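Please open the structure in your viewer and keep the sequence beside it, so that each selection can be followed in both.

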Amino acid sequence: MSQPWQQPQQPPQHNPYGQQPQQPYPPQPYPPHQPQQPYGYGQQPPPPYGAPGGFPPPPPPVRRGNPALAVVLGIVAMLVGAGIYGGILKASDGGQIGYLAIGTGALIGAALGKAGGRNGALPVVGALLGLLGVYLGQIFGIALELSDIANIPVSQVFTEHFDSLNKAWKEYLEPIDAVFFILGAVGAFQTARKLGG
């Protein structure tokens, strides 16, 4: 009897270009987790401050100002604030509002602090200018009123009748006005100190 002819079996050859059977990937947790390895040979710890180089960020530069320019701008702000103060004082028929004094002082302090930088004398200068600004604002309000009554320009009231103007201011002065002077001085002092530092 004859046996059917069989081809001899050859061991499977490894073909690097042939297809390999695909194996399923094991499930990965989300987000992918990489195991932490201890620092060893060849591994570097992360930088201590998170930035390349490992140095802390530099401190912000110290703001320098110009005190002389700050005083000039403070005087301009005082005159502007006094003008606004006097205009509102006349419009309200002499009724004073504490916010006007604080606003005048804050305007002066802002000019001093922004332009002057950190300077210990500027808040004190601001307090003095705040007092003067409230005084000039009250004087300007009275001058506007006298200008309407006498039918003369405001500039003439200041130049030719300043003694009458100052006398009228003293007559209108009340104890509550001390509060307005304090508010103007404190507003200028605090604002100059806060914005200067």
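The tour below goes from a pair of helices to the aromatic rings. Bear in mind throughout that this is a predicted model.

Begin by selecting helix H3, residues 122-150, together with helix H5, residues 162-172, whose axes come within 10 Å and cross at roughly 110 degrees. Since angles of 65 to 115 degrees count as roughly perpendicular, H3 and H5 are therefore described as roughly perpendicular to each other. The crossing in which H3 passes H5 is right-handed.

Next, show the side chains where the two helices touch: H3 contributes Tyr135, Gln138, Ile139, Ile142, Ala143 and Leu146, while H5 contributes Phe162, Leu165, Asn166, Ala168, Trp169 and Tyr172. Of the residues in this contact of H3 with H5, 10 are nonpolar, 2 are polar and none is charged.

Now turn to the aromatic rings, for which a search of the whole structure finds 2 pairs. Select tyrosine 135 and tryptophan 169, which form an edge-to-face pair with 4.9 Å from centre to centre and 90 degrees between the planes. Tyrosine 135 belongs to helix H3 and tryptophan 169 to helix H5, 34 residues apart, and the pair thus links distant parts of the chain. Tyrosine 135 counts as buried at 18% relative accessibility, and tryptophan 169 counts as buried at 13%.

Finally, select phenylalanine 140 and phenylalanine 158, a stacked pair with 6.3 Å from centre to centre and 15 degrees between the planes. Phenylalanine 140 lies in H3 and phenylalanine 158 in helix H4, residues 154-160, so this pair ties together parts that are 18 residues apart in sequence. Phenylalanine 140 is partly exposed, with a relative accessible area of 24%, and phenylalanine 158 counts as partly exposed at 28% relative accessibility.

How values were computed:
Residues are numbered from 1 along each chain as its sequence is written. This is a predicted model: local features need pLDDT of at least 70, side-chain atom pairs count only at pLDDT 80 or more; totals for chains, interfaces and linings use all residues. Side-chain values use heavy atoms; hydrogens and water are left out. Axes are lines fitted to C-alpha atoms, for helices over the stretch in contact, and angles run from 0 to 180 degrees between N-to-C directions. Helices (H or I, at least four residues) and strands (E, at least two) are DSSP runs, numbered from the N terminus. Angles under 35 degrees count as roughly parallel, over 145 as roughly antiparallel, 65 to 115 as roughly perpendicular and the rest as oblique. A crossing is left-handed if the near helix is turned anticlockwise from the far one by less than a right angle, and right-handed if clockwise. Contact means heavy atoms within 4.5 Å. Ala, Val, Leu, Ile, Met, Phe, Trp, Tyr, Cys and Pro count as nonpolar, Asp, Glu, Lys and Arg as charged, and the others, Gly among them, as polar. Rings of Phe, Tyr and Trp (its six-membered ring) pair if their centres lie within 6.5 Å; planes under 30 degrees apart count as stacked, over 60 as edge-to-face and the rest as tilted. Buried means under 20% relative accessible area, exposed over 50%, partly exposed in between (1.4 Å probe, protein chains only).
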